[in-house]
Amino acid sequence: MKRWSFVLCLLVVVASEDNTSNNTDNVASNNTDTGCQISVQKEKVVSKGISSVLKATVQMNSMEADISVSIKQGNETTEMILKQGFAREFRTVITTTHLGRSYYNICVSGCSSCKEVSVFSIPAPLTLLPPILTVFLAVVTRQVLLSLTCGVFTSALLASAYNPLDAFMQTFNSYLVLPFLDPGKSGVMIFCSIMAGLIEITEKSGGASGLANQIFKLARTPQHAAMVTTALSFFYFFDDFAGIMISGKSLGPLVSELGLSSQKFSLIVHMMGVIIASLCPLSSWAGIQIGYIESAFKLVGMEVSGFSYLIQCIPYRFFVVSSLLAVMLYVLINKDIPPMIGYEEEKRMKGRRITDLSDIKEDPELQKVEDIPERWYNAIIPLVTLVAVSILRMYFDGKEAIISSGLDIPVTFLNCVSKCDSINSLIIGTSVSLVLTLVLIPAQRIMGLSKCLEHFVEGVKSMSEPIMILILAWALGVAMNDIHTSEYIALALGDNMPVEYFPALVCVIGYAMSYASGSAMGTQGIIFPLIVPVIVHLTKDEDVYIKTIAAAFSSTVFGNLCSPIADTTIAGVLFTGCPMLDHIKVMSVFCMPLAVISLIFGDLLVGLEIYPFYVAYIINIIIVFVVFVVFGRGVKGKSLVQSLVGRHRNRCDSNVSSEDGERTALLSKTEKGD
């Protein structure tokens, strides 16, 4: 995977030296005798039956009166009047009705000749090939980078009128270079890199482990161990993999001593690590998710605040939030259901962990560095600084934007956040936190500045694959936009499917794709450039946008929790010492029912506006509570169902015994009478 990332980066850098945009084809016609110049900007390829826009500029050497423009294609003619001026721009909608090449003649009054423009038309259903191929390859090969690259190339092949050489050049010379030329997308990559480096320094300096050890002193029983593990996960909001690794390595021996099974420990660590990072707007996930939102809306010409959408969609992430509430309820109730109850009872009987951490301790890459003091404040200070600086920067940046706009908008915190440059604020917050950490750690002589920078570089390297996925996802979105994939899907759906069902449909797709690929980020990168343009073409209701985005973010987390090939699943097994099959079994039993009830009572019924979003959580929690209370039990205890069945059997046995006694007495009386 790392080799593939390196090859892609090399191709992008080489191609960027000769970057030219192939998305449009500019044709100029000069007529010096009349002082007239026609510049046409047309789409290289259009889809049959899909409306496209043809843009042109008429450059006049003098400001004459109004001029007329006619666009002819076969027997059809479109005419328009351009107002006086030196440069007169116009655009017209064209719709091809046959495949192959079509020719349009643009004639302008005052120009001695007309300009002929050719457009190549492809079958509209072919525009579905790139996303279908991308999904198919992601499921079969389980290589997200390869799948996305093939999807971009396939889109470029269609956009270049089936010319493979042109498609190859367009893929690496245009689509993969464009994200680096966009300040917003470049900012996302910078934020993710700095965040990864900061996380690596915080972990290697012993701050995270020190925080865990301090809080874990409050634990005395297996339930206390589960509660402390759950609570500590909130401090590791910055990254899912880092949270799982830190919790597993620092808490593993402690929870084992308190009698908590490795299966239950791995369930809590895995679920909380992924859920908290995916929900927190200041985590390593946030920058990538903001990039997905903003780039997807740019495909349809909309400028939105990705951070604002990220915040607004949190209440509608039904699977993720329901899973968070379910884990907390599960820990508080302290009742287990099969197969977890078997693992807990086995742990109590043996008095030790079923699988110890010897493999982890023997691995030199995972071995804890000796002589590093584990001081909790080395984790708290950078995290508090990150949150405080980022939020303050968002507020003041948004406030300045509101004042400079001159609009009558109240200067509230939410309005400021919605108007701020969120990525810039996050970059400043992480940068200040990083600088503080680079001063704090060497000042305590925990490790030198050069060692801190080495760990920072290692952290940045760990983010290379997610960033490459992000770049390819952006490229795929632009490429599919060039061949009008979303317009075709919207046209095909038409009125056949109400938009209220769209969040539920996206949720099902997210479940399936993320489980097959094992990557939430990869799945989001594939589906986001497709679903956002489609939903924008279907409706102008912003509530539907928010629910659809929330469904995409929430459902794709399912793969990170349940898929056997997910990196977080492997981390959950490795750092907690839980056997792989046991971990997959307990995760599936816990998450799959939650996925179903979240889909039905959340994405579907809330999408249909049957009730508000909070009712869905009430229903989901009631269902979870009933399941744990009725079917769950403590170690060596009985569930409510078992108790009721036992009482029923006892009553039946007592009734049978009384009937037998009556029969015996009756027989004895009869014998005496005889």
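Student: Let me start with one residue. Is Asp-397 buried or exposed?

Tutor: Asp-397 is buried, with a relative accessible area of 15%. Keep in mind that this is a predicted model.

Student: Which side chain does Asp-397 meet in a salt bridge?

Tutor: Here is the general idea: side chains of opposite charge can pair when their charged atoms come close. In this case Asp-397 pairs with Arg-393, at 3.8 Å from N to O. The cut-off for a salt bridge is 4 Å. Arg-393 counts as partly exposed, at 31% relative accessibility.

Student: Where do Asp-397 and Arg-393 lie?

Tutor: Both belong to helix H16, residues 377–405. They are 4 residues apart, which is about one turn of the helix.

Student: How many salt bridges does the count come to?

Tutor: The count is 7 salt bridges. One of them joins the side chains of Asp-182 and Lys-298, at 3.1 Å from N to O. Asp-182 sits in the loop between helix H5 (178–181) and helix H6 (183–204), while Lys-298 is in helix H11 (residues 284–298), so this pair ties together parts that are 116 residues apart in sequence.

Student: How should I read the accessibility of Asp-182 and Lys-298?

Tutor: Take each partner in turn. Asp-182 has a relative accessible area of 16% and is buried, whereas Lys-298 has 32% and is partly exposed.

Student: Which residues are linked with Asp-182 in a network of salt bridges?

Tutor: Lys-185 and Lys-298 are linked with Asp-182 in that network.

Student: What about Lys-264 and Asp-336?

Tutor: Their side chains meet in a salt bridge too, at 3.4 Å from N to O. Lys-264 is in helix H10 (residues 262–279) and Asp-336 is in the loop between helix H13 (318–333) and helix H14 (340–350), so the pair ties together parts that are 72 residues apart in sequence. Both Lys-264 and Asp-336 are buried.

Student: Now for the whole protein: what does its secondary structure come to?

Tutor: There are 28 helices and 9 strands. Of the 674 residues, 52% count as buried. For contacts between residues at least 6 apart in sequence, 74% join residues at least 24 apart.

Student: And what is the accessible surface of the protein?

Tutor: It comes to about 29,700 Å², with 61% belonging to carbon and sulfur atoms.

Technical notes. Residues are numbered from 1 along each chain as its sequence is written. This is a predicted model: local features need pLDDT of at least 70, side-chain atom pairs count only at pLDDT 80 or more; totals for chains, interfaces and linings use all residues. Side-chain values use heavy atoms; hydrogens and water are left out. Helices (H or I, at least four residues) and strands (E, at least two) are DSSP runs, numbered from the N terminus. Buried means under 20% relative accessible area, exposed over 50%, partly exposed in between (1.4 Å probe, protein chains only). Contact means heavy atoms within 4.5 Å. Accessible areas come from the Shrake-Rupley method with a 1.4 Å probe; for residues, only the protein chains shown count as cover.
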